[in-house]
Amino acid sequence: MNESRRNMLSLTAAGLIHVAADPDTVVGDEAPSMDLLIRQAAQRGHTDIGWLNSFHSFSFGEYYDQRHMGFRSLRVINDDRIAAGRGFPTHPHRDMEIISYVLEGSLQHKDSTGHGAIITPDDIQMMSAGTGITHSEYNPSPTDANHFLQIWIEPGLKGVRPRYSDNKVTLDQKQNQWKKIAGPDGSNASVSIHQDASIFATNLLAGQSADYVVQRGRHAWLQVARGEVMVNGTKLVSGDAVATSRATALHIVATQDSDALLFDLA
């Protein structure tokens, strides 16, 4: 590694690479924030088994990287595309908060608690695995592919009773603004989770912006689900993410129509 590249990288305690002022990611004269950690889409793990094409922001399945085991309680972000009429057969989970966020198509859920639903981009779905649960996820369409983010958050309490919930989150509720789609009980989120963590979603039209202030003692992970945005002067494309463990203001500007998720974590 050359000296200039070595000076740009430093390994953090959270297991992320701190990328400082890479000129290829900076547009215009705005100085990039030195408080942000960048996780580039091209560096994620990848699984392709035909019916499933998945990219892993953190170690998952056969993809293992000790530098990328999660961020605070955020353990999994899988960017999944499921072929028409295919899906995950019944399988078990335990002690994990599992959130499904559909970007395109639909996703059918069935679990051992007796719950079942078909969710679309106008829905948010949460399953607390707790003491143990089995479930399946399928793309019910015979013709159209499905694209969704599978998110796992480690719970603050283990051994809880399994539960399932889903709720409507329409485009109007998140367009050009943050909408809290998941959060602790009593936090006025669309669905509740057993963790001091909140997930916000936005759909930004090109040229629009959204701001978020990370409070002292909190940690934030911003995932670009699709599109292209500028975050504090740094360009991010679909699948890229930034994170910070410092009190800071995030200024997000869409250079294309974009979807993004922000995780506010203890």
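Tutor: Searching the whole structure turns up 6 aromatic pairs. A pair here means rings of Phe, Tyr and Trp (its six-membered ring) with centres within 6.5 Å; planes under 30 degrees apart are stacked, over 60 edge-to-face and the rest tilted. This is a predicted model, so local features need pLDDT of at least 70, side-chain atom pairs count only at pLDDT 80 or more, and totals for chains, interfaces and linings use all residues. Residues are numbered from 1 along each chain as its sequence is written, and side-chain values use heavy atoms, with hydrogens and water left out.

Student: OK, what kind of pair do tryptophan 51 and phenylalanine 88 make?

Tutor: Edge-to-face, because the ring centres are 5.4 Å apart and the planes sit at 75 degrees. Tryptophan 51 is in the loop between β4 (45-48) and β5 (52-56) and phenylalanine 88 is in strand β7 (residues 87-93), so the pair ties together parts 37 residues apart in sequence. Strands are DSSP runs of E, at least two residues, numbered from the N terminus.

Student: Is tryptophan 51 buried or exposed?

Tutor: Buried, with a relative accessible area of 15%; the cut-offs are under 20% for buried, over 50% for exposed and partly exposed in between, using a 1.4 Å probe and protein chains only. Phenylalanine 88 counts as buried too, at 16%.

Student: And how do the rings of phenylalanine 58 and tryptophan 221 sit?

Tutor: That pair is tilted, since the centres are 4.9 Å apart and the planes are at 55 degrees. Phenylalanine 58 lies in the loop between β5 and β6 (74-82) and tryptophan 221 in strand β19 (residues 219-226), 163 residues apart. Both residues are buried, and Phe58, Phe71 and Trp221 make up one aromatic cluster.

Student: Which way does β10 run against β9?

Tutor: Antiparallel, with 4 bridges joining β9 to strand β10 (residues 116-119); two strands pair if DSSP finds at least two bridges between them. Leucine 107 has isoleucine 119 as its bridge partner in β10. The two strands form a hairpin with 4 residues between them, and glycine 114 in the turn has a positive phi of about 95 degrees.

Student: What about β12?

Tutor: Strand β12 (residues 133-138) also pairs with β9 in the antiparallel sense, over 4 bridges. There, glutamine 108 stands opposite tyrosine 138.
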